[in-house]
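Please examine the protein chain shown below together with its sequence. The report that accompanies it is arranged by topic.

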Amino acid sequence: MTATDMPSPVTDVHSDPDGVPGAAEAAAGLHAPVLAWFDQHARDLPWRRAEAGAWGVMVSEFMLQQTPVSRVVPVYEQWLARWPRPADLAAEAPGEAVRAWGRLGYPRRALRLHGAAVAITERHGGDVPSEHPQLLALPGIGEYTAAAVASFAYGQRHAVLDTNVRRVFARAVTGVQYPPNATTAAERRLARALLPDEEARAARWAAASMELGALVCTARNEDCARCPVAELCAWRLAGKPAHDGPPRRGQTYAGTDRQVRGKLLAVLREAVTPVSRTVLDRVWDEPVQRARALDGLVADGLVEPLENGRFRLPLT
């Protein structure tokens with residue numbers, strides 16, 4: 001391939017992250033190869049099957065936040081078997097959602113999902129709404145989840161920006177190794193500019209770009225040899241310059257309040273009757289941190305304190 005034959009990096013047409021005239025048309029060069037790759041390599045995940053429906057999509061989106069697919073699948077399947085519709089979950093105490101959440105982590109998501117199920121049952125007759133504003137109005141649902149459900153469940157045209165998608169766009173379009181630590185307005189504008197015009201194609205593009213980031217354009221050990229747009233990737237064509245922005249946030253767990261909270265919740269999930277403080281005291285030796293973690297669980301509504309120093313998962 002001669003110099004004149006070399007593909008131009010996408011940043012040649014997207015140097016302004018706010019979007020330049022013709023940006024969407026130029027970005028269409030990314031669509032066909034990524035969608036074709038997705039057709040061949042998309043994982044067969046339960047929430048992508050037709051029988052999952054909008055509720056299955058919503059449950060998966062709550063569970064997949066900061067949790068890998070391998071850990072989510074068994075809990076997801078158990079959850080949908082027990083609560084196949086929002087009304088089934090809404091009829092249960094919120095503590096049962098926390099119990100069924102198991103060790104997925106960040107258990108407040110279970111309470112938020114329960115709250116969303118109650119609202120869906122009360123406001124929408126038990127059917128997950130299809131309109132983005134209605135989804136966004138549900139408790140516990142932010143911009144990302146509303147866009148994801150509208151796109152993946154209802155085939156609508158929305159920019160769905162999770163960590164994987166942001167990383168793909170940062171590298172392929174902006175020419176940097178990693179996106180900013182927090183999603184920026186410029187990223188949202190760029191994502192909208194990259195959306196195909198046709199709704200069904202845009203929805204598939206959202207899923208395909210997410211899958212590309214999860215399987216190929218990973219945070220570490222990216223596999224450019226398998227990437228369908230490697231020849232267009234601005235970061236690769238620039239020689240893969242190292243990240244020079246703010247330090248990447250690492251996730252620690254051992255010895256943190258999160259670990260203590262998890263140990264306390266594990267005891268309460270396994271108990272069929274209220275648990276005494278004496279029993280909870282056995283899970284962690286350091287009393288100040290243990291008390292702080294327990295107080296935090298109570299404040300977050302994940303644990304309900306009772307008389308005589310006993311605790312249980314919440315009933316209301």
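## Basis and overall architecture

This is a predicted model, in which local features need pLDDT of at least 70 and side-chain atom pairs count only at pLDDT 80 or more, while totals for chains, interfaces and linings use all residues. Residues are numbered from 1 along each chain as its sequence is written, and side-chain values use heavy atoms, with hydrogens and water left out.

The secondary structure of the protein chain comprises 15 helices and 3 strands; helices (H or I, at least four residues) and strands (E, at least two) are DSSP runs, numbered from the N terminus. The C-alpha trace spans about 80 × 45 × 30 Å along its principal axes. Of the 316 residues in the chain, 43% are buried, where buried means under 20% relative accessible area, exposed over 50% and partly exposed in between (1.4 Å probe, protein chains only). Among contacts (heavy atoms within 4.5 Å) between residues at least 6 apart in sequence, 64% join residues at least 24 apart.

## Aromatic pairs

Rings of Phe, Tyr and Trp (its six-membered ring) pair if their centres lie within 6.5 Å; planes under 30 degrees apart count as stacked, over 60 as edge-to-face and the rest as tilted. By this rule the count is 4 aromatic pairs. One of them joins Trp-47 and Tyr-76 edge-to-face, at 5.1 Å centre to centre and with 75° between the planes. Trp-47 lies in the loop between helix H1 (23–41) and helix H2 (53–64) and Tyr-76 in helix H3 (residues 69–82), so this pair ties together parts that are 29 residues apart in sequence. Trp-47 counts as buried at 10% relative accessibility, and Tyr-76 counts as buried at 4%.

The pair of Trp-79 and Trp-101 is edge-to-face because the ring centres are 5.7 Å apart and the planes stand at 80°. Since Trp-79 belongs to helix H3 and Trp-101 to helix H5 (residues 94–101), the pair ties together parts 22 residues apart in sequence. Both Trp-79 and Trp-101 are buried. One aromatic cluster is formed by Trp-79, Trp-83 and Trp-101.

## Two buried residues

Ala-52 lies in the loop between H1 and H2 and is buried, with a relative accessible area of 12%. Not counting residues up to four places away in sequence, Ala-52 touches Pro-46, Trp-47 and Tyr-76. Ala-52 and Ala-207 are 155 residues apart in sequence and 16 Å apart in space, C-alpha to C-alpha.

His-114 lies in helix H6 (residues 108–124). His-114 is buried, its relative accessible area being 9%. Leaving aside neighbours within four places in sequence, His-114 is in contact with Leu-89, Ala-90, Glu-92, Ala-93, Pro-94 and Ala-97.

## The open sheet

The 3 strands form an open sheet in the order E1-E3-E2, with antiparallel pairing; two strands pair if DSSP finds at least two bridges between them. Strand E1 (275–276) and strand E2 (304–306) are the edge strands, each pairing on one side only. E2 pairs with strand E3 (residues 310–312) in the antiparallel sense over 3 bridges. Pro-305 stands opposite Phe-311 in E3.

## Cavities and a pocket

On a 1 Å grid over the protein atoms alone, a cavity is a set of points where a 1.4 Å probe fits but cannot get out, and a pocket is an open set with protein on both sides within 12 Å along at least five of seven lines; lining residues have an atom within 4 Å of a point. Grid points are joined across faces, edges and corners, and a volume is the space filled by probe spheres set on the points. The whole structure holds 3 cavities of 30 Å³ or more. The largest cavity contains about 140 Å³ of space. It is lined by 15 residues, of which Arg-171, Cys-217, Cys-224, Cys-227 and Cys-233 are the closest to its centre. Helix H9 (163–174) and helix H12 (234–237) each supply at least two lining residues of this cavity, and H9 gives the largest share, 3 residues. The lining of the largest cavity divides into 11 nonpolar, no polar and 4 charged residues; Ala, Val, Leu, Ile, Met, Phe, Trp, Tyr, Cys and Pro count as nonpolar, Asp, Glu, Lys and Arg as charged, and the others, Gly among them, as polar.

The second largest pocket has about 720 Å³ of space. Its lining consists of 29 residues, with Gly-105, Tyr-106, Pro-107, Arg-109 and Arg-258 nearest its centre. H13 (257–270) is among the helices that each supply at least two lining residues of this pocket, and H13 gives the most, with 5 residues. The lining of the second largest pocket divides into 9 nonpolar, 11 polar and 9 charged residues.
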